[in-house]
Amino acid sequence: MNIIYKVVLLVPLTLAYLIQAMPSGYASELYVETKADIERQSVEVGSNGLNAIDANAAQHRLVQTAPVLAQFPTVLRYYQSDSRFQYRIALLNLVLDKTATKYGPAKLEPLEQVVTQSRGLVMLQENEIDVVFLATTKQREQEFLPVRVPIMRGILGLRVLLIHKDNIDRFAAFGRSDVNSAELGSFEQFKQQFEAGFVFHWADMAILDSNNIAVQKQPTYQNLFAMLNAKRFDYFPRGVNEAWREQRENSARYPDLVIEKQIALHYEYPVYFFVNKDNQLLAQRLEEGLSLALNDGSFKQLFLKHHKAQIKQAQLPLRRLFHLDNPTLPANTPVIDKSWWLN
């Protein structure tokens, strides 16, 4: 019994999963050609292997057994490529490496153009990219397929404040560790006195709004540094994993921006890998890879490599924490284990 497979080599992504779609016993060998050859020829794969079709196209052909076919890398496209996402990209690479034996090698391909988060999610929905790494919300879990392993271990929900140096004393009145707690300003007073700056389409904008925090809302991330420098608002809440790198990267243009030393905001904010609803196989691969990396310790090792210095720099025991509720979390959100960084 023979089975005819028509193979179109348009995107390497096709090849990594093709073997799994073939019935057992019929995937012993596969014939792959250049696009021009493939468009005019069929690949005949049966229990007796490959029947050659066109000797003139032999220089373009690759005849491999099924295990070797997996040497064609799966290409995963993503849009989050600036320095904020170095750890998440490194973790994605680690996960793909951990699962290469089962699923074949994979290659990450960043989007060439810069797009907003909202545009990136549209692209994921339309299969123009393959994976994003974002905080979860009820809406996102309805529209996309989450891999419910918190890749940031909750650290993105711990926010220190990027401020103008002229306002250090104003903020100190709410966080000084050297004064009696009765003399400190309350969180309600803090919210009345200070205005934050934030990107309006980020998921935690809803968290700030629901906790009645005054916010100057902007469409683009980079504009916020210039506006804070001009004192258009009072603070830019940044994740512990983000703040010092962003201050350093912007120090030449905005040398008056500093990290406030005595206050932090905190809310539950798990970050997951998300894929298109129809890409069950990729979601399965990512979940398996994260599990492998958790079990062998490489996940924790990578996390601390990227975040240990910032955690130490934050001096969390000296900060006053203001806790915010997160009404955007799905009801079944797993509890985040923060033991890697928070005692």
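**Figure 1. Arg-140, a buried arginine with no salt bridge.** In this predicted model, the side chain of opposite charge nearest to Arg-140 is that of Glu-143, 7.2 Å away. Arg-140 sits in helix α7, which spans residues 138-143. What is Arg-140 in contact with, once neighbours within four places in sequence are left aside? The list is Gln-117, Leu-121, Leu-134, Ala-135, Ala-203 and Phe-274.

**Figure 2. Arg-153, a loop residue with positive phi.** The loop runs between β9 (145-147) and β10 (158-164). Phi of Arg-153 is near 55°, and the residue is not a glycine. Is Arg-153 buried or exposed? Its relative accessibility is 6%, so Arg-153 counts as buried.

**Figure 3. Asn-212, a loop residue that counts as exposed.** Asn-212 is found between α10 (205-210) and β12 (215-218). Its phi is positive, about 60°, although Asn-212 is not a glycine. Relative accessibility is 60% here, over the 50% cut-off, so Asn-212 counts as exposed.

**Figure 4. The protein chain as the setting for these views.** The chain has 343 residues, and 51% of them are buried. Its secondary structure consists of 14 helices and 17 strands. Take the contacts between residues at least 6 apart in sequence: 76% of them join residues at least 24 apart. The chain exposes about 16500 Å². Carbon and sulfur atoms supply 49% of that area.

Key
Residues numbered from 1 in each chain as written. Predicted model: local features only at pLDDT ≥ 70, side-chain atom pairs only at ≥ 80, totals over all residues. Heavy atoms only, no water. Helix = DSSP H or I, 4+ residues; strand = E, 2+ residues; numbered from the N terminus. Buried < 20%, exposed > 50% of the residue type's maximum accessible area, 1.4 Å probe, protein only. Contact = heavy atoms within 4.5 Å. Areas by Shrake-Rupley, 256 points an atom, 1.4 Å probe, with all protein chains shown as cover. Lys, Arg positive; Asp, Glu negative; His and termini not counted. Salt bridge = Lys/Arg side-chain N within 4 Å of Asp/Glu carboxyl O.
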